[in-house]
Amino acid sequence: MPPRRTRSQVIILDALRASGRSLSAQELFLELRQRQTPLGLATVYRTLDHLRINGEVQARPLPSGELVYSLVQQDQHYLTCLQCGTSVTIDHCPVQHLETELRQSHHFEIFYHTLEFFGLCAKCQVMAQR
């Protein structure tokens, strides 16, 4: 039986599903206003936090410190440029065996994981050499 959700949880999950991409709380707030389903900004933050703690959405910090939220669909892996902020998705999971081992050895229910490598993309490396 799926968990019972509040009206704001349903609205936010629907908006994240419809966007098909990661959104910050501010972007989500603006998106909801455009859809004529406004929620207060504090409600958006509170609801996202609740959904994150329950493993229904995942949050990822950008180099700027801002969090972006997405539906938990699969584990996510990135290469993120510290100069321009571009994130490139890595298609395979290099740590799947570690997740399985940790789940068993620590009796820990893992909802998802995020792996992110930080550095400079090719374009920013060229700019840094000038």
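Reader: Which residues form a nonpolar patch on the surface, and how much accessible area do they have together?

Author: Keep in mind that this is a predicted model. The patch is made of Leu79, Val88 and Phe117, and together they have about 260 Å² of accessible area.

Reader: What makes Arg17 and Asp14 a salt bridge?

Author: Their side chains meet at 3.0 Å, N to O. The cut-off is 4 Å, so the pair qualifies. Arg17 and Asp14 are three residues apart in helix H1, which means they are separated by about one helical turn. As for cover, Asp14 is partly exposed, at 38% relative accessibility.

Reader: Which residue forms a salt bridge with Arg60, and what is the N to O distance?

Author: That's Glu116, with the closest N and O atoms 2.7 Å apart. Arg60 lies in strand E2 and Glu116 in strand E6 (residues 114-119), so the pair ties together parts that are 56 residues apart in sequence.

Reader: Are Arg60 and Glu116 buried or exposed, and how do you know?

Author: Buried means under 20%. Arg60 comes in at 9%, so Arg60 is buried. Glu116 has 16%, so Glu116 is buried as well.

Reader: How many salt bridges does the rule give?

Author: Six salt bridges. The general idea is that side chains of opposite charge can pair when their charged atoms come close.

Reader: What makes you say that the charged end of Arg60 sits over the ring of Tyr78?

Author: The charged end of Arg60 is 3.7 Å from the centre of the Tyr78 ring. The distance limit is 6 Å, so that part of the test is passed. There is an angle limit too, 35 degrees from the ring normal, and Arg60 is listed as sitting over the ring.

Reader: And how many aromatic pairs are there?

Author: Zero, by the rule used for ring pairs.

Reader: Which residues have the most contacts inside the largest nonpolar core?

Author: The core has 18 residues, and those with the most contacts inside it are Ile12, Leu16, Leu28, Leu32, Val44, Leu48 and Val57. The elements giving two or more residues are helices H1 (7-19), H2 (25-34) and H3 (41-53), plus strands E2 (57-61) and E3 (67-71). H1 provides the largest share, five residues. In soluble globular proteins, nonpolar side chains tend to be buried together.

Reader: Why is Phe29 called buried?

Author: Phe29, in helix H2, has a relative accessible area of 17%. That is under 20%, so Phe29 is buried.

Reader: What makes Arg46 exposed and Cys84 partly exposed?

Author: Arg46, in helix H3, has 54% relative accessibility; exposed means over 50%, so Arg46 is exposed. Cys84, in the loop between strand E4 (76-81) and E5, has 43%, which lies between the cut-offs, so Cys84 is partly exposed.

Reader: Zooming out, what does the secondary structure come to, and what share of the residues counts as buried?

Author: The protein has five helices and six strands, in the order α-β-α-α-β-β-β-β-α-β-α along the sequence. Of its 130 residues, 32% count as buried. The C-alpha atoms fill a box of roughly 50 × 40 × 20 Å along the principal axes.

Definitions and conventions. Residues are numbered from 1 along each chain as its sequence is written. This is a predicted model: local features need pLDDT of at least 70, side-chain atom pairs count only at pLDDT 80 or more; totals for chains, interfaces and linings use all residues. Side-chain values use heavy atoms; hydrogens and water are left out. Patches are made of residues with over 30% relative accessible area and no salt bridge: like charges are joined within 9 Å, nonpolar side chains (Val, Leu, Ile, Met, Phe, Trp, Tyr) within 5 Å. Accessible areas come from the Shrake-Rupley method with a 1.4 Å probe; for residues, only the protein chains shown count as cover. Rings of Phe, Tyr and Trp (its six-membered ring) pair if their centres lie within 6.5 Å; planes under 30 degrees apart count as stacked, over 60 as edge-to-face and the rest as tilted. A nonpolar core is a set of buried Ala, Val, Leu, Ile, Met, Phe, Trp, Tyr and Cys residues joined through side-chain atoms within 4.5 Å. Buried means under 20% relative accessible area, exposed over 50%, partly exposed in between (1.4 Å probe, protein chains only). Helices (H or I, at least four residues) and strands (E, at least two) are DSSP runs, numbered from the N terminus.
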